[in-house]
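Please read the following note with the sequence and the model side by side. It is arranged as numbered points for a reader who is new to protein structure.

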Amino acid sequence: MAGRVWASVFSAVLVAALPLTAAASDLKIRSPIVEFHELEFENNLTSGDSRNFVSELEYGFTNWLKLGIEGELAADPGHGFHYDAAALEGFFQLTPQGKYWADIGMFAEYEHTARTGDPRSLTIGPMVQKEARLFGLDTLHTVNAFLEKDMGASSVGAPGLFVAARSLALVNPYVNPGFEYYGLVSLGEHGGEPRHFIGPAFAGRVGFRQLGINAPGGIKYDAAYLRGLTAATDPDTFRIRVEFEFPL
């Protein structure tokens, strides 16, 4: 029984991924909450004019520190996937969950590209999350604000500011509707054109035991359809993220 359930789960994930082709990497919302002793395996796909597939493995070493490794595949229009980059990530939960007005954390990532001559990059910034009662509904709001800087002899251009935000109505553990926004702007004179995305989103979680699997943990997912708001942004972008959680 468990084997058939696992096969069904992975088949559903694969079917959802097949139509996707990615517009920009790292279009996802990062939470400041660290789960102690939890192993997470995540796949993130985005789709637009180019394709992008990111896999991550993360582990909560303490109740305030989670570290992860990431591998990224990319494909330009009309071409197949190729290995594009690898990254090391750190999540730092700075406040106990629910104790203050908002939950706050810091995120840091070092990315090393696969192609010779491409710059390495460093990303760092805060993650903020807040639960609130609005219009008679429980809601969850998350904001990321990251500075991104290329490094090395081949780095060009100014640092960038990447902002990601999501608001969800917590109506059901399995499907919570809302919207997402992503923006990338240059902080100098020689950066690229600004890019902005916005659109409807939904997120949810299902436990393994609810799928007939006698094990702790579960599957968390979120997805969004995003419209580009600027000339430098793909007009239509789809993204989906599936995360498998294993408490150890």
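The points below treat the basis of the model, the fold, selected strands and the aromatic rings.

1. Basis of the model. This is a predicted model, in which local features need pLDDT of at least 70 and side-chain atom pairs count only at pLDDT 80 or more, while totals for chains, interfaces and linings use all residues. Residues are numbered from 1 along each chain as its sequence is written, and side-chain values use heavy atoms, with hydrogens and water left out.

2. Overall composition. The protein chain contains one helix and twelve strands, and its pattern along the sequence is α-β-β-β-β-β-β-β-β-β-β-β-β. Helices (H or I, at least four residues) and strands (E, at least two) are DSSP runs, numbered from the N terminus.

3. The barrel. Twelve strands form a closed barrel with antiparallel pairing, in the order β1-β2-β3-β4-β5-β6-β7-β8-β9-β10-β11-β12. From one strand to the next, the twist averages 20°; axes are lines fitted to C-alpha atoms, for helices over the stretch in contact, and angles run from 0 to 180 degrees between N-to-C directions. Two strands count as paired if DSSP finds at least two bridges between them.

4. Of the 248 residues of the protein chain, 39% count as buried. Buried means under 20% relative accessible area, exposed over 50%, and partly exposed in between (1.4 Å probe, protein chains only). Among contacts (heavy atoms within 4.5 Å) in the protein chain between residues at least 6 apart in sequence, 52% join residues at least 24 apart.

5. Strand β2. Asparagine 43 has serine 55 of β2 as its bridge partner, whereas arginine 51 stands opposite alanine 75 in β3. The hairpin that joins β2 to β3 passes through four residues.

6. Two faces of one strand. In a regular strand the side chains alternate between the two faces of the sheet. The covered face of β2 holds Asn52, Val54, Glu56, Glu58 and Gly60, and the uncovered face holds Arg51, Phe53, Ser55, Leu57 and Tyr59.

7. Strand β6 and its neighbours. Strand β6 (residues 120-134) runs antiparallel to strand β5 (residues 103-113), to which nine bridges join it. With strand β7 (residues 137-151), β6 pairs in the antiparallel sense over 13 bridges. Two residues lie between the strands in the hairpin of β6 and β7, where phenylalanine 135 takes a positive phi near 50°.

8. Serine 121. Is serine 121 buried or exposed? Its relative accessible area is 14%, so serine 121 counts as buried. This residue lies in β6 and is the bridge partner of glutamate 111. Leaving aside residues up to four places away in sequence, serine 121 touches Glu109, Tyr110, Glu111, Lys149, Asp150 and Met151.

9. Aromatic pairs. The structure holds seven aromatic pairs. The rings of tyrosine 59 and phenylalanine 61 have centres 4.9 Å apart and planes at 90°, so this pair is edge-to-face. Rings of Phe, Tyr and Trp (its six-membered ring) pair if their centres lie within 6.5 Å; planes under 30 degrees apart count as stacked, over 60 as edge-to-face and the rest as tilted. Phe91, Phe107 and Phe146 form one aromatic cluster.

10. Charges over rings. The charged end of lysine 66 sits over the ring of phenylalanine 91, 4.4 Å from its centre, and arginine 51 lies over the face of phenylalanine 81, at 5.0 Å from the ring centre. The criterion is that NZ of Lys or CZ of Arg is within 6 Å of the ring centre and within 35 degrees of the ring normal.
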